[in-house]
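Dear colleague,

I am handing over the structure below, together with some notes on what was found in it. Please read the notes with the sequence and the model open beside you.

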Amino acid sequence: MSVTALIVTRSVGEVLPETINSLKTYDFEKVIVVSKIGQEKPTWCDLLIVEKGSLGKARNVGVRNVDSKFILMVDSDIV
């Protein structure tokens, strides 16, 4: 079963280390981050998309970049 994790945040730096570590315990096909502030892509994610706008718009941008059958949307501060 293919699952992609999608995180929408204002800044990649806001993603808690505990969140990143908890994502590593599962075999996700990809981890995609949609952020309002541009930064270098961190090594723990497969794709970083910079998109300004509402939460819903950012989620839709992320979803359009998913190839897997399922998507897990995770907040940046969820463990």
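Leu6, Ile7, Val8, Arg59, Met73, Val74 and Asp75 line the largest cavity in this model, which is a predicted one. The space inside this cavity comes to about 40 Å³, and the structure holds 1 cavity of 30 Å³ or more. Strand E1 contributes the most to the lining of the largest cavity, namely 3 residues, and E1 and strand E4 (70-74) are the elements that each supply at least two residues of that lining. Sorted by class, the lining of the largest cavity consists of 5 nonpolar and 2 charged residues, with no polar ones.

The largest pocket, for its part, has a volume of about 180 Å³. It is lined by 15 residues, of which Val8, Thr9, Arg10, Lys36 and Leu55 are the closest to its centre. Two or more residues of this lining come from each of strand E1 (3-9), E2 and helix H2 (55-63), and the largest share, 3 residues, is that of H2. In the lining of the largest pocket there are 4 nonpolar, 5 polar and 6 charged residues.

Is Ser35 buried or exposed? Its relative accessibility is 0%, and because anything under 20% is taken as buried, Ser35 counts as buried. The side chain of Ser35 reaches the backbone oxygen of Ile37 at a distance of 3.0 Å. When neighbours within four places in sequence are left aside, Ser35 is in contact with Thr9, Arg10, Ser11 and Val12, and also with Leu48, Ile49, Val50 and Glu51.

Finally, there is the matter of aromatic rings, where the count comes to 1 aromatic pair. That pair is formed by Tyr26 and Phe28, whose rings lie 6.0 Å apart from centre to centre, with 55° between the planes, and the arrangement is tilted. As to accessibility, Tyr26 counts as exposed because its relative accessibility is 57%, whereas Phe28, at 16%, counts as buried.

With best regards

Definitions and conventions. Residues numbered from 1 in each chain as written. Predicted model: local features only at pLDDT ≥ 70, side-chain atom pairs only at ≥ 80, totals over all residues. Heavy atoms only, no water. Phe/Tyr/Trp six-rings, centres within 6.5 Å; stacked < 30°, edge-to-face > 60°. Buried < 20%, exposed > 50% of the residue type's maximum accessible area, 1.4 Å probe, protein only. Polar contact = N/O pair within 3.5 Å; in protein donor to acceptor, adjacent residues only side chain to side chain. Contact = heavy atoms within 4.5 Å. 1 Å grid on protein atoms, 1.4 Å probe; cavity = no way out; pocket = protein on both sides within 12 Å on 5 of 7 lines; lining within 4 Å. Points joined across faces, edges and corners; volume = space filled by probe spheres on them. Helix = DSSP H or I, 4+ residues; strand = E, 2+ residues; numbered from the N terminus. Nonpolar A, V, L, I, M, F, W, Y, C, P; charged D, E, K, R; others polar.
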